[in-house]
Amino acid sequence: MDISAQHDASSNVADVGEIMQAIAEHKGCGTTGGSGKASCGSGAGQGDLPTEIWEKVKNHPCYSEEAHHHYARMHVAVAPACNIQCNYCNRKYDCANESRPGVVSEKLTPEQAAKKVLAVASTIPQMTVLGIAGPGDPLANPEKTFKTFELIYNTAPDIKLCLSTNGLMLPDHVDTIAKYNVDHVTITINMVDPEIGAQIYPWIFYKHKRYTGYEAAKILTDRQLQGLEMLTERGILCKINSVMIPGINDKHLVEVNKAVKSRGAFLHNIMPLISAPEHGTVFGLNGQRGPSAQELKALQDSCEGEMNMMRHCRQCRADAVGLLGEDRSAEFTTDKIMAMEVKYDADTRKAYQAKVEEERIAKVAAKKEELAELAGASSDIKVLAAVATKGSGLINEHFGHAKEFQVYELSTAGAKFVGHRRVDLYCQGGYGEEDSLETIIRAINDCHAVFVAKIGGCPKGDLIKAGIEPVDQYAHEFIEKSAIAWFKAYLDKVNSGEITHVERGDAAIRQGALISAA
Amino acid sequence: MPFKIISSQCTSCSACEPECPNVAIREKGGTFVIDPKKCTECIGHFDEPQCVAVCPVDNTCVIDTSLPRYQAPA
């Protein structure tokens with residue numbers, strides 16, 4: 001199939017004006033009032049999103065918070081080379097239990113990558129998105145990147161393609177991106193002020209020359225913003241990733257948010273710096289700290305009035321496979337894939353995804369019903385609740401098995417997803433079982449309750465002592481519906497004087513490993 | 001005939017390979033190597049050796065002092 005004939009850029013031109021208009025009019029999705037808008041795609045699903053944009057994001061776990069409970073993504077590591085150096089990155093470090101951007105266990109050729117995508121698509125029918133995110137920069141490896149897109153487009157056209165770039169070479173490749181029907185592009189933008197950029201990027205390699213300091217950061221920011229404008233002109237949805245580095249760009253990210261919003265970016269993802277010293281990054285070695293959970297949330301909240309904020313990012317590896325909170329990459333190593341007999345069955349995938357949609361609609365309906373119960377209640381009280389889940393929007397994980405907790409903010413406006421906390425202990429040499437409970441309490445210390453499918457007596461007691469209520473009465477029920485019901489009861493108890501509402505403290509964002517492949 | 005790659009430091013990222021104007025770099029045994037017969041230290045091509053400029057690990061693409069320096073043809 002000739003992609004250029006199918007997706008001639010000119011054939012899209014007629015739609016562009018319409019889409020740009022739709023984006024311009026769109027001031028966010030799932031508006032809930034009260035504290036501003038919910039994360040994109042939560043609320044009643046489509047919310048106030050124009051249909052053509054909703055169609056693009058509804059099955060994309062990274063672009064829709066609501067979708068991330070149901071749909072999986074995968075990255076293929078076909079792009080090893082990079083053209084800039086970042087102080088938070090060291091690609092030499094690869095631990096099997098390590099999960100963060102820029103890290104990968106093995107590189108793939110485009111042909112291997114295409115086979116891997118088909119193998120995963122057949123095994124995980126809810127895998128809807130293929131991204132290229134490194135381990136270097138996809139656009140510093142344009143031949144490998146676009147060859148991979150071409151192969152996948154030809155064999156599995158229902159899979160959405162996306163890429164994540166530092167933006168340096170973006171303006172040169174925008175037309176090719178449009179040609180291959182890549183309609184989601186993420187640009188990592190950490191600054192729009194080169195003075196700040198010079199503290200984050202030691203150098204860039206551009207037009208056969210290494211640039212350093214202010215000059216390097218100036219070129220980078222100009223190219224990033226130019227690339228963003230060119231993409232949004234073509235109706236390609238752009239997500240902006242920003243790493244929050246306390247003391248360097250934390251306050252400045254509000255400016256970045258305004259700059260990208262005004263250039264048509266769809267979604268802003270502010271992520272905490274990962275800077276464990278054992279990773280050997282410049283920031284890790286010089287003691288630069290990452291933000292606390294409440295510092296991150298406060299920055300995200302302050303940018304939210306401006307545009308959609310992504311809060312469900314798991315900062316995954318360049319070879320991640322599965323739902324965002326899980327990593328199944330170990331099931332799909334090159335050796336295993338090459339030995340697999342792969343048959344791409346589009347109909348089975350479709351049927352499975354139709355089932356997922358039913359589940360999703362049921363979840364939204366349940367939440368709406370419960371929310372109606374809350375109507376009329378008025379209170380300024382807002383609390384956070386942690387949830388142990390394996391996906392599908394259900395409270396379906398045991399406390400002791402959870403590798404992460406999802407965090408919801410509960411108020412009379414409803415239940416809003418505001419983040420997640422990693423609690424797994426892999427790569428943490430020397431930590432035993434007892435420490436693991438302390439780690440979990442530190443990670444969800446800002447929460448009033450933790451919702452689980454099941455919990456043992458000992459941790460139950462320790463959680464209560466720490467002021468966090470363990471809740472297992474909603475096992476295997478929908479998260480949002482249950483959380484709203486619990487919150488309603490909480491308000492009733494406060495109003496009747498049975499309990500007194502107290503504020504919680506801050507919580508720690510765990511550094512290092514996210515998920516064990518086991 | 002001049003630059004070499006210290007293989008113990010090479011991350012095998014391949015960034016240098018397409019930048020070499022002499023097509024002197026290739027993958028060998030998991031890391032990248034420079035063919036000393038082809039390397040011209042980028043003299044006549046660029047102001048700075050491209051492998052050095054693009055390499056993410058400092059002091060990995062270095063002058064091979066066991067060999068004489070490249071002499072541009074007169």
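A: Ala72(A) has Met127(A) as its bridge partner in E3(A). This is a predicted model. The strand that carries Ala72(A) is E1, residues 72–75 of chain A. E1(A) pairs with strand E3, residues 127–132 of chain A. The sense is parallel, and the pairing runs over 4 bridges.

E1(A) also pairs with strand E11, residues 321–322 of chain A. Here the strands run antiparallel, joined by 2 bridges. Met74(A) stands opposite Val321(A) in E11(A).

Now the side chains of E1(A). Ala72(A) and Met74(A) point one way. Arg73(A) and His75(A) point the other way. Ala72(A), Arg73(A), Met74(A) and His75(A) are all buried.

Next, a loop residue of chain A. Gly393(A) sits in the loop between strand E12 (383–387) and strand E13 (404–411). Gly393(A) is buried, because 24 other C-beta atoms lie within 10 Å, and the cut-off for buried is 20 or more. Beyond residues up to four places away in sequence, Gly393(A) touches His69(A), Lys363(A), Phe478(A) and Ile479(A). Phe478(A) is 85 residues away along the chain, yet the C-alpha atoms of Gly393(A) and Phe478(A) are separated by 5.8 Å.

E13(A) and E14(A) run antiparallel and are joined by 8 bridges. Phe405(A) stands opposite Arg421(A) in E14(A).

Then the core. The largest nonpolar core has 154 residues. Ala385(A), Phe451(A) and Ala483(A) are among the residues with the most contacts inside it. Leaving aside neighbours within four places in sequence, Ala483(A) is in contact with Ala385(A), Tyr408(A), Leu410(A), Ala415(A) and Phe451(A). In soluble globular proteins, nonpolar side chains tend to be buried together.

Last, the partner chain. The contact takes 13 residues from chain A and 11 residues from chain B. On the chain B side, 6 are nonpolar, 3 polar and 2 charged. Chain B averages a pLDDT of 90, and 97% of its residues score at least 70. The model scores ipTM 0.92 and pTM 0.82.

Definitions and conventions: Residues are numbered from 1 along each chain as its sequence is written. Chains are lettered from A and ligands numbered from 1 in the order in which they are written. This is a predicted model: local features need pLDDT of at least 70, side-chain atom pairs count only at pLDDT 80 or more; totals for chains, interfaces and linings use all residues. Two residues are in contact if their C-beta atoms, placed from the backbone, lie within 7 Å. Ala, Val, Leu, Ile, Met, Phe, Trp, Tyr, Cys and Pro count as nonpolar, Asp, Glu, Lys and Arg as charged, and the others, Gly among them, as polar. A residue is buried if 20 or more other C-beta atoms lie within 10 Å of its own, exposed if 12 or fewer, and partly exposed in between; C-beta atoms are placed from the backbone. Two strands pair if DSSP finds at least two bridges between them. pLDDT is the predictor's confidence in each residue, from 0 to 100. A nonpolar core is a set of buried Ala, Val, Leu, Ile, Met, Phe, Trp, Tyr and Cys residues joined through C-beta atoms within 7 Å.
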